[in-house]
Amino acid sequence: MVKLIFENAQGSRQIVDARVGDNIMFTAVSNGIAEVVGECGGAAMCATCHVYLSPELAEIADPKQEIETEMLDCAAAEVTDFSRLGCQVQITAEMEGMVVHLPESQV
Amino acid sequence: MLDLPINEAVTLADLTRDPYPIYKRMRAETPVVRMAQTNRILVTRAEHTKWIKETPEIFSSDDPTTPMKPAFQAQTLMRKDGAEHRAERMAMQPAFSPKVIRTDWADLYTRLAEDYVSRLPRGETVDLFRDLCGPIAARILAHMLGLDEASDEDMQRWSQTLIDGAGNFGYDPKLFELSDAANAEMNALFDSLISRHRAEPNNSAFSTMLNARNPIPMSQVYANLKIAIGGGINEPRDALATIVYGLLTNPDQFEEVKRQALWEDAFEEGVRWVAPIQVSGRRTTQEVQIGDVFVGPGEAVMTIQASANRDETIYGEDGELFNIFRDKHPHQAFGSGPHHCAGAQVARRTLGQIMLPLLFDRFPNMTLDDPAKVIWSGFGFRGPLNLPVTLN
């Protein structure tokens, strides 16, 4: 388990226990983070698990594949260099205490 | 481990008329069951339907015997898996993205909605299903696909003909003759529009697919457009009619929705309550355990999202009711997994942010004087067939 911090667009934070090997979407949804929807269940087909990684987290996360880049284009909120689909980012032990920022809206 | 139970009693006619009491009983007693009449396995619990759709390796969309193929004159992306499906899907997905909805469609759809709503006669009783829900769904889709030249009537007729052909499991040649004729009309229209979309590209699905850096084959461009026609009119049409029915038959909720402008909540609850697409088909690629039973390879499995959306384990005992104030839980009206509805975001915005507020701003005191006159129908697709409302 590692601690992951979800921070919403208003700046309020929630700390959750995340299992190494799970992805960010699954972790958020199973911990009741309402700002992550994950409607397609992790198939990278709906762009409703859009998150912004903190720079330190972006540094160590697996890089984006083409399918993710393509689908991110369909996200509701602004897409930045730190944008990821939560379902495509696997949690590792090195992510302990790092921050995931949540967008204003997923739909 | 239990043997797969068989239900000899339930018929497609029963499920077309009023499926919900049947599904409620199935969820409780036989959540995975072979329906003898169709020889298909119905899966009615939310955890199973979601898992099946998210596990395409075991539950494939590829069905070589599907009547969709003759109906659409092509194997469409709905019946493909993996990279092949994704490539065709992503070729048109940008046309349905929130970004393009914002930049291209929102203003146009607002104008179209205003236009269609302004044609409705105040003070009179009209069939809102026929006079608004169908035509506006057709017009919006025509623009989104880049088929502006097609009339509302043509779009609706093509859509229904394709649906009838795709559901033609009895392989009645008459239905395929009709879908062949519709295909010929659609092909002729598409042929005539290619030069316009090449010369003046826009963000419609047709333009996007034609002008992509690595375009998919033209046959699949056409098949995609047809899938969008077959699958993009009756869902928003039925969703709109269902939501209006839900609001007008629950006056307390209706008042609160107007007061607080909760149109997006009304949208989500409407499509949860009566999902416009009730059922999806998958084929098992291997023996697999679903719940307490084993299902063999090569079996046709129907996930019943209509039932999943009322599952007691998620919605408690009142899932059968339209209640926009219920605790928010994800529903499966748009499906899940790789075939998650490509039009989900468009539908939410078009109905929840544009159509519903606009319609009830103009007719805030709309009434449905006799709800018993509304006829509900459908197994695969479901919604009201009429909606006689008085416009005030």
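Leaving aside neighbours within four places in sequence, which residues is His101(A) in contact with? In this predicted model, the list runs to Glu7(A), Val51(A), Tyr52(A) and Ser54(A). His101(A) itself sits in strand β5 of chain A. As for distance, 62 residues along the chain lie between His101(A) and Glu39(A), and their C-alpha atoms are 19 Å apart.

The strand that holds His101(A) belongs to an open sheet of five strands in chain A, laid out in the order β2-β1-β5-β3-β4 with mixed pairing. At the edges of this sheet are β2 (13–18) and β4 (83–85) of chain A, each of which pairs on one side only. On average, and with direction ignored, neighbouring strands here are turned by 35° against each other. Strand β1 (residues 2–7) of chain A runs parallel to β5 (residues 98–101) of chain A, and four bridges join the two. One residue pair to look for is Phe6(A) with its bridge partner in β5(A), Val100(A).

Chain B has a sheet of its own to look at. This one is open too, with six strands in the order β1-β2-β3-β9-β6-β4 and mixed pairing.

Strand β9 (residues 300–304) of chain B is mostly covered, with four of its five residues buried. How do its pairings run, parallel or antiparallel? One of each turns up. With strand β3 (residues 40–43) of chain B, the pairing is parallel and spans three bridges; here Ile41(B) stands opposite Val301(B). With strand β6 (residues 279–284) of chain B, the pairing is antiparallel and spans five bridges, and Gly281(B) faces Met302(B) across it.

Moving along from β3(B), the next pairing is with β2(B): these two strands run antiparallel and are joined by four bridges. Val32(B) stands opposite Val43(B) in β3(B), while Arg34(B) has Ile41(B) as its bridge partner. The two strands form a hairpin with four residues between them, and in it Asn39(B) takes a positive phi near 55°.

Val33(B) is part of strand β2 (residues 32–35) of chain B. Its relative accessible area is 1%, so Val33(B) counts as buried. Beyond its neighbours within four places in sequence, the contacts of Val33(B) are Leu4(B), Pro5(B), Ile6(B), Asn7(B), Met26(B), Arg40(B), Ile41(B) and Leu42(B). By contrast, the C-alpha atom of Glu200(B), 167 residues away along the chain, is separated from that of Val33(B) by 53 Å.

Leu359(B) touches Val117(B), Leu120(B), Leu128(B), Leu132(B), Val244(B) and Met366(B), with residues up to four places away in sequence not counted.

Helix α8 (residues 152–166) and helix α9 (residues 173–199) of chain B pack at an angle of about 140°, with 9 Å between their axes. The two are therefore oblique to each other, since only angles over 145 degrees count as roughly antiparallel. The crossing of α8(B) past α9(B) is left-handed. On the α8(B) side, the contact is made by Arg157(B), Trp158(B), Thr161(B), Leu162(B), Asp164(B) and Gly165(B). Residues contributed by α9(B) include Leu175(B), Phe176(B), Leu178(B), Ala182(B), Met186(B) and Leu189(B).

Conventions:
Residues numbered from 1 in each chain as written. Chains lettered and ligands numbered in written order. Predicted model: local features only at pLDDT ≥ 70, side-chain atom pairs only at ≥ 80, totals over all residues. Heavy atoms only, no water. Buried < 20%, exposed > 50% of the residue type's maximum accessible area, 1.4 Å probe, protein only. Pairing = 2+ DSSP bridges. Axes fitted to C-alpha atoms, helices over the stretch in contact; angles between N-to-C directions. Contact = heavy atoms within 4.5 Å. Parallel < 35°, antiparallel > 145°, perpendicular 65-115°, else oblique. Left-handed = near helix turned anticlockwise from the far one by under 90°.
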